[in-house]
Amino acid sequence: MAATETFDVTAIRTRFPALGRRGPDGRPFVWADAPGGSQMVDAAIEAVDRRMRAGASNTHGVFPVSEEIDALIADARHAGADLLGCDPQEIVFGQNTTSLLLHLSRSIGRTWGPGDEVVVTRLDHDANVRPWVLAADDAGATVRWVDVRPDDVTLDLDDLAGAIGARTKLVACTLASNAVGTIPPVADVVAMAKHAGALVALDGVHLAQHRSIDLHALGADVVATSPYKYFGPHQGMAAVRRELLASLTPYKLRAAPDENPDRWESGTQSHEALAGTIAAIGYIAEVGDGDRRTAVRLGYDAFEAHERELARRFLEGVATIAGVRLIGIADPARVTERTPTFAIRVGDQHPIETSRELGDRGIFTWDGHYYAIEVFERLGLLESGGAVRIGFCHYHTLEEVDRVLEALADLAR
């Protein structure tokens, strides 16, 4: 399906078995918790199953199944490179994004010392905050914090400019907030960091569900993602600039490979998850057209066009519901600055109660801080339960958005 064709969400939904599940009332569940993890596409489910049925083996053996695993890993690196706009040798796999960033930060932090500075933001998921804070603490380096603008929960670029200086060694920033959907102007962030000679580590976990990512076009050094957020299995995958990988010394076992990127992958990987990740990336490419790298970007273009309509529908609708507070960018004209992920509070109701009542209606959402601790602390909402997160992606329909809005209106009465 070319990205320029009409987006057939009905056909898309047939590719996701979980979307067929129904509640006691006979209506399909509304999986409005996509930011916490997307549903898995059929091709990825089948790929995991096929790999496990074909037999297990470790790598670098001199027999057929082991050779299959070696080929699988190579294929996974190529697929990851097509997704993230880099070279296959710049793709690193791990258990999850958090463990990958902890691993990388520990090694990068070995190059820092007293007087050095690290910049993190209050917009980020803690996985792209705490690893760098811990590494800075170990090195005796200073952490500089970048604030958010509380009116629309966007990154304060003036504060960022003041935080970056001659001593800055690394700037960590999200490509999109998993809490409120904000897409910061990352080109500006990278430009400021590079002008100071700093490394840039970007959290692409949330954005990768919605838009394409290109490591080298961004000018970044690290982009971390999680395939379970873009229709695949639980796994971590990062694109790391080749020169950076080569310049660092990883914490690894003596018997582990000494070549990049293998030396960064601690222990035995989940080979079935690699198979599922290849298939998930292949699915995105199917929605596009052309060779896989080009098709992935066209697939995301199709996702984005559909998701803008979902976002407009929700923003226009929620604005009419008295008693529902939207946290973040609220103007439907600014949908290009956000993903279709929304944080809300319903009156004085605790978020867990709102989420529970929506769940009783077959609408699945998340409550709390979703590891974006700094955002909710800055907004004064952390102690009172954070917010309810409602998140859509390309397989959702306008009718599902309407159903969520109707339920919110009912709860707000």
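Which residues in α2 meet which residues in α10? In this predicted model, the α2 side of the contact consists of Ala43, Ala44, Ala47, Val48, Arg51 and Met52, and the α10 side of His271, Glu272, Ala275, Gly276, Ala279 and Ala280. By class, this contact has 8 nonpolar, 2 polar and 2 charged residues.

Helix α2 covers residues 42-54, and its axis comes within 8 Å of that of α10, with a crossing at roughly 150°. Angles over 145 degrees count as roughly antiparallel, and α2 and α10 are therefore roughly antiparallel to each other. The crossing of α2 past α10 is right-handed.

Helix α10 also packs against helix α11 (residues 292-318), at an angle of about 70° and with the axes 6 Å apart. That angle makes α10 roughly perpendicular to α11. From α10, the contact draws on Ile281, Tyr283, Ile284, Ala285 and Val287; from α11, on Arg292, Ala295, Val296, Gly299, Tyr300, Ala302 and Phe303.

| Pair | Axis distance | Angle |
|---|---|---|
| α2 and α10 | within 8 Å | roughly 150° |
| α10 and α11 | 6 Å | about 70° |

By class, the contact of α10 with α11 has 10 nonpolar, 1 polar and 1 charged residues.

The largest nonpolar core has 82 residues, of which Leu83, Tyr230, Phe231, Tyr283 and Ile284 touch the most other members. Helix α10 (residues 271-287) supplies the largest share of this core, 10 residues. Apart from this core lies another, of 27 residues, including Val129, Val222, Ala238 and Val240.

Beyond residues up to four places away in sequence, Tyr283 touches Ile12, Arg15, Phe16, Val41, Phe231, Phe303 and His394.

Terms used: Residues are numbered from 1 along each chain as its sequence is written. This is a predicted model: local features need pLDDT of at least 70, side-chain atom pairs count only at pLDDT 80 or more; totals for chains, interfaces and linings use all residues. Side-chain values use heavy atoms; hydrogens and water are left out. A nonpolar core is a set of buried Ala, Val, Leu, Ile, Met, Phe, Trp, Tyr and Cys residues joined through side-chain atoms within 4.5 Å. Buried means under 20% relative accessible area, exposed over 50%, partly exposed in between (1.4 Å probe, protein chains only). Helices (H or I, at least four residues) and strands (E, at least two) are DSSP runs, numbered from the N terminus. Contact means heavy atoms within 4.5 Å. Axes are lines fitted to C-alpha atoms, for helices over the stretch in contact, and angles run from 0 to 180 degrees between N-to-C directions. Angles under 35 degrees count as roughly parallel, over 145 as roughly antiparallel, 65 to 115 as roughly perpendicular and the rest as oblique. A crossing is left-handed if the near helix is turned anticlockwise from the far one by less than a right angle, and right-handed if clockwise. Ala, Val, Leu, Ile, Met, Phe, Trp, Tyr, Cys and Pro count as nonpolar, Asp, Glu, Lys and Arg as charged, and the others, Gly among them, as polar.
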